[in-house]
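Have a look at the model first.

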Amino acid sequence: MNQRSRLSLLVIQIFIASLMLALFGRLFYLQVAAGPIYRDAALSIQSRDVVTPANRGFIVDSSGVPMALNRVGLAVTVDRTKIDKLPDKGVAVVKDLVTLLGLNFDDVWQRTRLCGELPKGKKAGCWTGSRFQPIPITNTADPQIALRIVERSDRYPGISATPLAIRSYPTTLGLNGGHVLGYVGPLTESDLAGANGRSYFRSESIGKAGLEIVYDEYLRGNPGIKTFIVDRKEAVTTTSKNTKPVAGNHLVTSLDIRLQAATEAALSAAVKRARGSGFRADGGAAVVLDVRNGQVLSLASYPTFDPNAFEKGLTVQEAEDLYSEKTGVPALNRALQGLYALGSTFKAVSVIAAKDAGYSLSASYACPSEVQVGTRAFQNFESKAQGTLSMKKAIAVSCDTIWYRIAYDEWLRDGGLRPKSNPNDYFFKAAEKFQMGKKTGVDLPSESSGRLANREWRKAWYSQNKDFYCNYKERSTKSQQTAFLLQLARENCLDGDKIRAGDAVNFSIGQGDTVVTPLKLAQMYAAIANGGTIWKPTVAKAIVKTDGTVLRTFQPEKLGELGEDQATIDFLHDALREVAISGTGAGAFAGFPVATSGKTGTAQVFGRNPNGSAKSDTSWYASFAPAKNPRYAVVMMVSQGGYGAGTSGVGVRQIYEAIFGAQGSTVKPELALFPNGKPPTTLPRISPATKPKPSILNPGKPKVLASPTPTAKAKVKR
C-alpha cells in the first residue's frame, strides 16, 4: 500500500471515530444529562392536572371584622373551545341559556368574548381571561336551573354548572370599600405567560385592584393539584401527584369598618349637599390618618362602585359606566389618583415660608381688598378688605392679600424674571419640606405623585409645550382662539420657562399649577399635627395564617421631618385651632364638643365642563383632632363642590362625630369608636363571625359578619 492510500485510510478512520464519538456523546446527553427533561416532557403528554382552587384569605379591619371573605356560589360557565365549534358559534345555545337564567343576551355575549376579539372602544365587559378557561355567566345560579342545564348537555353543549368559592364584600353598616379593598378577577394571557414573574393555573382568580392586588401573593393561597397519568385512550393508569389546597393568609388592616362606613356616608352627604346648593360636585374623597404612625383608618372616594358586581358579572352598561365622565368615572380612586389645587389649605405651608424669609409670626399685617402685582390686581376672597390682622387671625379668616404681598416681595428679591443664580425660593422650599410632588408611598396601587410647580418643573414644562404656544394659532381650534387664550399663549411662548409674578403669588395661596392628592394633603396635615414627622401612609398591619400565626407585620415608616422649631409648630396649631373657633370653619364646627384644628380651602378651577358650563371651585377641609395631643388627621375634598366650610367642613365634622361619639354638643363615650382615645395597635384574633361594636351609625344590635370558610377559629375581642 503506497503512502497516498495509507493517508486516505487514516482520514477515513479518523472521520469514523469522530462520528462514533459524536453519536456516543449525543446518546449520553439524551440518556443521562437531559434525561430528566425528556422524562418530564413524556410525562406531561401523558399527565392530566385537576386543580382545586384554594380559599382566598380574608381582609379584616383592625379589630378582626372581615371586610372581604368567601362564600359558596353556583356558577354556570361557557366553554369557548366547544361552543366555537358549533355552526353558529354558540349563538343559539347562549340565547336559550340566557332565557332560562333571566339574563340579557347582549351582556352575556359580550361577557364571553375575549377582549382581543372586540374592536377598540367596544371592549367594556369583555372576558379578560383565556379561551381555555370556563367563562362564568353567573355565580348565583338557582340549583334547580343548574341541574336542568347539566341534565340536558345535548341541548346546552359547552355549558356546565359547578359550585365554587365567591369573593364577597359585606355591606355591614352600609360599607362599600370598593376603592380600598379592590376586587378579584380571572387571569389574563399575560398573567399565564408569567409577565409578573409568577406561575398560575387557568382556573385561579387573582387580585385586580386595591388591597386585593397589592397583597395577592399572600391572600391567594396555593391550589391543590392532582395529576393523573393516562394512556393513549385517556384511561387513567396511575396518580403521580396529589396535593391539597392551602388556604390563603389573612390580611389585617389598619382600617376600622365603622369609621370606613362613616367616612363614606359623610362624603356622599357632602357631595349631595353641594349639589343641593347648585354646584356640579362631580366627585370627592376623604381620608382619615393616625397622625402617630401614618396608618390609614379610612379612605373613601366618590362616586364608587360595588366590588361584588365583578363576581356577579358586569353588564355592558355597568362596565362602560365605570370609566364614563357622565357617571363621574367611578373607577377613579380620587383619594390617591385625583390631582387638585390645594386652595387656602396651602397657607399652612406659606406660614413656614414666611417664617423662613424673616417675617414675624407675631406681627400684624394689612389685609386690603386687592394687591397690584405688575399690571394685574389680585383680589382677596370676595374682594373684602379685612383691615390689619395678626398672622394667626389672617390664617383664621383666610386672608389672601397678605400672602400676595409677601410672595411678590420675595419674588422681587429673588430677581423677578431675571432670577439670581441661587434664589431663596422660600415658598418652593417650604413645600419641598412636606415632600410635595412626591408620592406618599401608600400600599395601594396607581398612586399619583402630584405636581410641585417650582423652577425645575417650569423649565421642563416649557420645553415640552414651547412649540404649541409659539404656534398657537396654527395648533389650536378656532373656539380656542379667544383674546385671553391668545394673550396667554404669547406670554407662555416668550417667558413660559420663568416663574412670573403671577405664578409666585398664586403659589402662595395654593392656586396655579401645583396639585396634590387628598391623601398627600392628609399626610401633610398629619405632619403638622404630630410635630413634624412625615409618615408613610399604610393600610396593612399584618399577614396572619389561618391558624393564627403571624407571618409578617408591617411597621410604621418615617419618610422625613419638617425640621421646624417648636415655636413654629405651636403657632400653626394655634392658628388652625382659631379657624374652627372664629374663622372660616367656625360655622361648620359651632358647638362641637371636641376641640379640632383645621383649614378651609376653596380652590378656583380653570376650564369648562362637557356641557359648556364653567367649572366650580374645589372644596377642601384639612384638619386634625383633638387640637391638643392630636390623634387623627381628617381631610375631605369635593371636586366642584363650592366653598370649603359649607361642603367639606360639615363632612369632616360628621366624621369626627363618628370617631368621638359626639351628638350635638355632647360626647357619648359609649359611642366612641376608640374608647381609649386612640386606634388599636395590637393585632386582633380573626374569626369567621365577628360582631361590630355599637356606634353612632349602629346604636342597636350589631349585625353578624359570617363566612362559610371556617379556617380561623379564634373569637375576636375589641
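D425 counts as buried because its relative accessibility is 13% (buried is under 20% relative accessible area, exposed is over 50% and partly exposed is in between, with a 1.4 Å probe and protein chains only). Before going on, note that this is a predicted model, where local features need pLDDT of at least 70, side-chain atom pairs count only at pLDDT 80 or more, and totals for chains, interfaces and linings use all residues. Residues are numbered from 1 along each chain as its sequence is written, and side-chain values use heavy atoms, with hydrogens and water left out.

Back to D425: its phi is near 50°, a positive value in a residue other than glycine. D425 sits in the loop between helix 16 (401-413) and helix 17 (426-433); helices (H or I, at least four residues) and strands (E, at least two) are DSSP runs, numbered from the N terminus. Q435 also isn't a glycine, and has a positive phi of about 60°. Its loop runs between helix 17 and helix 18 (455-470), and Q435 counts as buried because its relative accessibility is 15%. Most residues other than glycine have a negative phi, and most peptide bonds are trans.

Which peptide bonds are cis here? Two are listed below.

| Cis bond | Omega | Loop holding the proline |
|---|---|---|
| Y302 to P303 | near 0° | strand 12 (296-302) to helix 12 (309-312) |
| A625 to P626 | about -15° | strand 22 (618-625) to strand 23 (632-639) |

Now for helix 24 (residues 644-660). Its 17 residues should span 24 Å at 1.5 Å a residue, and the end C-alpha atoms are 22 Å apart, which agrees; the expected span is 1.5 Å times one less than the number of residues. Helix 24 is largely enclosed by the rest of the structure, because 14 of its 17 residues are buried. Just after helix 24 comes G661, with a positive phi of about 70°.

On the surface, K272, R275, R280 and K615 gather in a patch of positive charge. Patch members have over 30% relative accessible area and no salt bridge, and like charges are joined within 9 Å. A salt bridge here is a side-chain nitrogen of Lys or Arg within 4 Å of a carboxyl oxygen of Asp or Glu. Is K272 buried or exposed? K272 counts as exposed because its relative accessibility is 52%, and its place is in helix 11 (residues 257-276).

Methods. Patches are made of residues with over 30% relative accessible area and no salt bridge: like charges are joined within 9 Å, nonpolar side chains (Val, Leu, Ile, Met, Phe, Trp, Tyr) within 5 Å. Accessible areas come from the Shrake-Rupley method with a 1.4 Å probe; for residues, only the protein chains shown count as cover. Lys and Arg count as positive and Asp and Glu as negative; His and the chain ends are not counted. The place of a charge is taken as NZ of Lys, CZ of Arg, CG of Asp or CD of Glu.
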